[in-house]
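Here are some notes to read alongside the model. Please keep the sequence and the 3D view open while going through the points.

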Amino acid sequence: MSYQVIQQSKIQNPIISIVTPTYNVEAFIEEQVNSLVNQDLPGVELVIVDDGSSDNTLSILKQLGEKHPEITLVSQENQGPSRARNVGLELFRGEYLYFVDADDIVPSGALKALYEAAQAEGADIVTGRSLSFNSTGSWYIGGHYNAGLFNEGMRSFATNPELVYSLGPASKLYKRKIIENLRMPENIKIGEDQPFVLEALLRSQKIYTIDAIVYNYRSRETDEASLSQIVSVDPLIAFLEIRKSLFVSLPLFKKYLTNQYVYLDALKTYFERVVRFDLWPSIREVLKLQEGSIQKQVFSELIGITKELPEELFAENIFYFQMLTVEMVERYKFIQKEAHGEYIRLLKTLFDKIESGVFSAMQDNVRISEAYRKMSALKQSVKYQTTLPIFLFLAKRRLVKESKILSRKAKTFIQSRTLTKVMYPIYRLVLPKTKVLFLTNKEANLTGTFRMVYDEVRKHEELTNDIRCHLKTNTRSFSAQRKLLKDVASAKYIFLDDYYRQIYGLKTSKKTEVIQLWHAAGAFKKFGFGAIGSLESNTVEFEMAAHQNYTKVICSSKEVVPYYAEAFHVAESQVLPLGVPRADKLLDEEYRTFIHNRFLRKHPQVRGRKVITYAPTFRGGPKVRQQFKMMLNLRKFVDRFSDEYILAIKMHPSVSKSQGVPFDLKDDILNLSAMDMNDLLISTDVLITDYSSVIFDYSLLNRPIIFYAYDLEEYIAERDFYYEYQDFVPGPIVRTNEELFSQIDHLDEIDLQQVEKFKNTFFDQLDGQSAKRIVDSIL
């Protein structure tokens, strides 16, 4: 035994044990103890472990022990807060445990409120609001507040990965069974409590938050160093300790989270939090020290971290990569010459590990083109084993900002013509065809079908190093355009999911496969060449420029092969009915459960109601679309159905900016136009639409669809359909609000066998393997 029990609590069968480590807190300890012994809940014991205080703390505690028989007082040689808390974990006897730091205050009534909630809700952990305070005022902790951790209600890691933003042991009432055999790592001095709290949270099925202040953190105004101060004073030590804590914590997610989607979501949320709020501040401070040997050591440690991190974190966790690349370029002047070589080795490790598409998905805070130029400089530094390219990039950037020789429009025109008429033909002729490209203007990240096909392509190791992604961006510099055209000219495979204007009119090599994955399933309203002649169609010349290079087109079923062949002006033999990868997620029960739970977490106003989603498509050309007027009467819907239903509005991207929800209806109507369509469908109980291809995806869920086609004749004149609308749609057609509302009242009369027949017509395979089938067929 490395400790001495000075006084044993006289409380028999305590309900709650409070564990407090103390070290040199003579100015605060009496106020803290008084706040604990004055709680209005019987059966509370205090386990106070003094960690070798050199001031009068232990003497004051002995005097307080004589007055308060509920105190168990323990003394040990100075071994750090982890050891002191672990002693408390060995000695506590209560049904529940509550950690309190020696200088903090617990409000009167807090323990009673926490205990009553634990009993009423059957919770494993109960927490509440916490405040920071000093002599001048009090405030909520920003990270906790912004993450929504103070909102009352039940949580678990399955639905609330934001729990990782509160990993301090205090302000939480733990049930004994959750933490009885847990201990804090004693070899970690900073962030030592995070693995303990994280594992307790992961073990808990029910974590309940009450709407009450249960803890007051003291923000010291003395010379006592806080974590942020430690980072500033000794950033190397802080960095090394945070590293230890990180790698004790990461394996816990796989240990406790069996749902792969919950696991990935929680793992990425935790890693993002540690990188942003712990690792990056310590790295910035190391750079400011401008001590080469320390910087070299940190870069070496980061190489090790990068190699050890789980592969899943490199699929989408952008900030870690951004932090060590483009953010580091802005701090290049701080990196000492002695550390240059180690930094280059770190860059090589990052480039070897990171997915090739991830940086393409990054949105630089200033301009995406500048981010690419930074990346080019970094890659050249690795290639030539010198940081000179970084220095030259910074110097050139400064010169460019100071000079305005050519007007931007003239320069852009000249560059564009040079690229397409001169450089691209040369690239196409001389460059070997090795790359796999993913080109889209729809999203700034790899999502949906692209993400799934991309993951399948990466399983072919011979192609992994030659995958390139050019995703949605608001600007495109000359260097980025040149890079795009070089990639197109040297591509072996090009995957598209829609029109892609950047390559209109370019003729690809005969050695290049161009595969149109198309973003919609089935065939509803006419598109491409099939729509020519309708009011809002494109010209033949436009469609020819857009689709001239396709070697294969992917669709969902044999039924629509002739329509896709017509739409893209290809032979039917080039149209392959291999499925729609994006829609496969709707067949994945584990994914559906994960997405639905996340939806309920983000939108607590659903409150057990069913979700009706209204998803109309656009009308007319670009200018007309912006004038779209919703014909659904929102107020009448709320008055009539808000007790049973909540309405989700999902506008087409072309019109979403012109629509809004009245503020006073926000508890009954959600504008979810920015949400992924298929993720919204998972939580949709009834779909209302008109002429949107979303019906194909939704049919996979076998749920009711209502067609609110108030302008059917006008729309047919504008676009036309491949089938007779009235015979084609798998649900009732309504023309007015009253007809729509009446149909909602009689949902049980909708024939779901129509939906089943529709699904089987437009999806040949329902095995969830579309992405694999496509890649196997193409490659």
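1. Strand 6 (residues 125-133) and strand 10 run parallel and are joined by 8 bridges. Within this pairing, Ser-130 lies opposite Tyr-215 of strand 10. Strands here are DSSP runs of E with at least two residues, helices are runs of H or I with at least four residues, and both are numbered from the N terminus. Two strands count as paired if DSSP finds at least two bridges between them.

2. The model is predicted: local features need pLDDT of at least 70 and side-chain atom pairs count only at pLDDT 80 or more, while totals for chains, interfaces and linings use all residues. Residues are numbered from 1 along each chain as its sequence is written, and side-chain values use heavy atoms, leaving out hydrogens and water.

3. Strand 10 also pairs with strand 8 (residues 153-155), through 3 bridges, and these two run antiparallel. Arg-155 has Ile-207 of strand 10 as its bridge partner. Strand 10 covers residues 207-218, and it is largely enclosed by the rest of the structure because 9 of its 12 residues are buried. Buried means under 20% relative accessible area, exposed means over 50%, and partly exposed lies in between (1.4 Å probe, protein chains only).

4. An open sheet is made of 6 strands with parallel pairing, in the order 19-18-17-20-21-22. Its edge strands, each pairing on one side only, are strand 19 (669-671) and strand 22 (733-734). Inside the order, strand 17 (residues 610-615) is joined to strand 20 (residues 686-689) by 4 bridges, running parallel. Thr-613 stands opposite Leu-687 of strand 20.

5. Is Lys-435 buried or exposed? Lys-435 belongs to strand 11 (residues 435-439), and its relative accessible area is 16%, so Lys-435 is buried. Its side chain makes a polar contact with the side chain of Ser-490, at 3.1 Å. A polar contact is a pair of N or O atoms within 3.5 Å; within protein, one must be able to donate a hydrogen and the other to accept it, and residues adjacent in sequence count only if both atoms are side-chain atoms. Leaving aside residues up to four places away in sequence, the residues that Lys-435 touches include Asp-466, Arg-468 and Tyr-493. Touching, or contact, means heavy atoms within 4.5 Å.

6. Val-430 is in helix 19 (residues 408-430). With a relative accessible area of 55%, Val-430 is exposed.
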